[in-house]
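Let's take a friendly walk through this model, one region at a time. Keep the sequence and the 3D view side by side as you read.

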Amino acid sequence: MARFRGCVGVDEKQRYCRQDAYELFGEQLLEIERTDNLWKATAAIAMHALDDVRSDDVEARFADLADRVRRGVESGREVALQAHLPRVLFEEEGFAGNSQQNRSALSSYLPAVLETRCGLPILLSLGYKVVAERVSLRVVGVNSPGHFLCRAYVDGQPMLIDAYHGGEWLPPAEARKRLADILGTMKRPDHQLFPTASHRQWLNRILTNLQRLFQFENRQNDLQAMNELQNLLSSFTT
């Protein structure tokens, strides 16, 4: 792999993160608003810790899931695809949130989440988004405090989806209640509770989750590696 030269002094800024992970992550930032670049950057985060991460394997997994969704809907209508998507992901495949994994780095590593079918809300939301877009549905991340969600558009109408709880469709009132259960009483307007997440914000939140975990576990080398990726991400947002 060619050395990534995305910003001045990049070589000096990478000491703890594995070189191949750092380079792959940096390469994706050049076009990070493409969904393929988002999931590849997320896979690169996992590459720092896991030896067997291959983008081709992740690609094949997403392609298979999307094909199964597409084959299950003869009409090809958006509403039918949106209804069948959670059946494939959450009923047939068994993707689910697992609160016991919240203190495990594996729940933030995309390849591991695809294998175990368990992960944090933000990783399950990413899988939902990638598969949905491959069957021509529009899905964005929702950067809600304390609990990451998705927003899907069906026939132009938005609806909130909770990938952590089996792909539930959430009316705004129910979504507010769910956040209140996590965070306590809130008086913020919906645009502050359910803001659309840019892909950079998506990556920032994944990295922040890992930084907090590694700080808690006193895994200093891993923490510094995530700091390096965070700094690299910041260099593309300023």
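A polar contact is a pair of N or O atoms within 3.5 Å; within protein, one must be able to donate a hydrogen and the other to accept it, and residues adjacent in sequence count only if both atoms are side-chain atoms. The side chains of Asp-51 and Arg-18 make such a contact, at 2.9 Å. Asp-51 sits in the loop between helix 3 (35-47) and helix 4 (55-71). Its relative accessibility is 72%, so Asp-51 counts as exposed (exposed means over 50% relative accessible area, buried under 20%, partly exposed in between, with a 1.4 Å probe and protein chains only).

This is a predicted model: local features need pLDDT of at least 70, side-chain atom pairs count only at pLDDT 80 or more, and totals for chains, interfaces and linings use all residues. Residues are numbered from 1 along each chain as its sequence is written, and side-chain values use heavy atoms, leaving out hydrogens and water.

Next come the strands. Helices (H or I, at least four residues) and strands (E, at least two) are DSSP runs, numbered from the N terminus, and two strands pair if DSSP finds at least two bridges between them.

Finally, look at helix 10 (residues 199-216), which has 18 residues. Its buried residues include Trp-202, Ile-206 and Phe-214. After helix 10 comes Asn-218, with a positive phi near 55°.

Note on methods
Expected span 1.5 Å × (residues − 1).
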